[in-house]
Amino acid sequence: MPRRRPGSLLSLEVSILAALRDGGAQGIHGFALARAIADAEESRRLTATGTLYRALHRLDDAGLIENWWEDPNDAAQAGRPRRRLYRITNAGATALARAQTEADTVALPRLDPGYAS
């Protein structure tokens, strides 16, 4: 498998950044993030937990997202454990816009009209 270009994003990372951008400033927890990605891509499967959290860690290390633990009182009132919340940073929004622009300008190969399968 070829190594990716420095500064480029994997498709999952683009999906995460897009979901976080659409999620707003209040932040999104991991399971809701996986559901948002599945809904946006009209997929019946959720992204594997290990894959999602590794990607979130990479994005956080790169400064493209930020994360924090929700208020323990909010979790206690809801009767559940605390959640780690994520949101996109300004650098993440810029990287997402760049990745989406690059994806839009990639030319698809043309098939020979005489090609028959």
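User: Why is glutamate 66 called partly exposed?
Analyst: Glutamate 66 has 32% relative accessibility. Buried means under 20% relative accessible area and exposed over 50%, with partly exposed in between (1.4 Å probe, protein chains only), so glutamate 66 counts as partly exposed. The model is predicted: local features need pLDDT of at least 70, side-chain atom pairs count only at pLDDT 80 or more, and totals for chains, interfaces and linings use all residues. Residues are numbered from 1 along each chain as its sequence is written, and side-chain values use heavy atoms, with hydrogens and water left out.

User: What makes the pair of arginine 87 and glutamate 66 a salt bridge?
Analyst: Their side chains meet at 2.5 Å, N to O. A salt bridge is a side-chain nitrogen of Lys or Arg within 4 Å of a carboxyl oxygen of Asp or Glu, so the pair qualifies. Arginine 87 is in strand β3 (residues 84-88) and glutamate 66 in strand β2 (residues 65-69), 21 residues apart. Helices (H or I, at least four residues) and strands (E, at least two) are DSSP runs, numbered from the N terminus. Arginine 87 is partly exposed, with a relative accessible area of 25%.

User: How many salt bridges does the structure hold?
Analyst: The structure holds four. One of them joins the side chains of glutamate 13 and arginine 58 at 2.8 Å, N to O. Glutamate 13 lies in helix α1 and arginine 58 in helix α3 (residues 49-61), so this pair ties together parts that are 45 residues apart in sequence.

User: Is glutamate 13 buried or exposed, and how do you know?
Analyst: Glutamate 13 is at 2% relative accessibility, so it counts as buried.

User: What makes glutamate 70 a buried residue, and which residue does its side chain meet?
Analyst: Glutamate 70 is at 9% relative accessibility and therefore counts as buried. Its side chain meets that of arginine 80 in a salt bridge of 2.4 Å, N to O. Glutamate 70 is in the loop between β2 and α4 (72-78), and arginine 80 in the loop between α4 and β3, 10 residues apart. Arginine 80 is partly exposed, at 26%.

User: How do you know that the span of α1 is close to the expected value?
Analyst: Helix α1 (residues 11-23) has 13 residues and reaches 18 Å from its first C-alpha to its last. The expected span is 1.5 Å times one less than the number of residues, and for α1 18 Å is expected. Glycine 24 follows α1, and its phi is positive, near 90 degrees.

User: Why are α1 and α2 called roughly perpendicular?
Analyst: The axes of α1 and helix α2 (residues 30-40) come within 9 Å and cross at roughly 105 degrees. Axes are lines fitted to C-alpha atoms, for helices over the stretch in contact, and angles run from 0 to 180 degrees between N-to-C directions. Angles under 35 degrees count as roughly parallel, over 145 as roughly antiparallel, 65 to 115 as roughly perpendicular and the rest as oblique; α1 and α2 are therefore roughly perpendicular to each other. The contact (heavy atoms within 4.5 Å) is made by Leu12, Ser15, Ile16, Ala19 and Leu20 of α1 and Leu33, Ala36 and Ile37 of α2.

User: What is the angle between α1 and α3?
Analyst: α1 and α3 pack at about 75 degrees, with their axes 10 Å apart. That angle makes α1 roughly perpendicular to α3.
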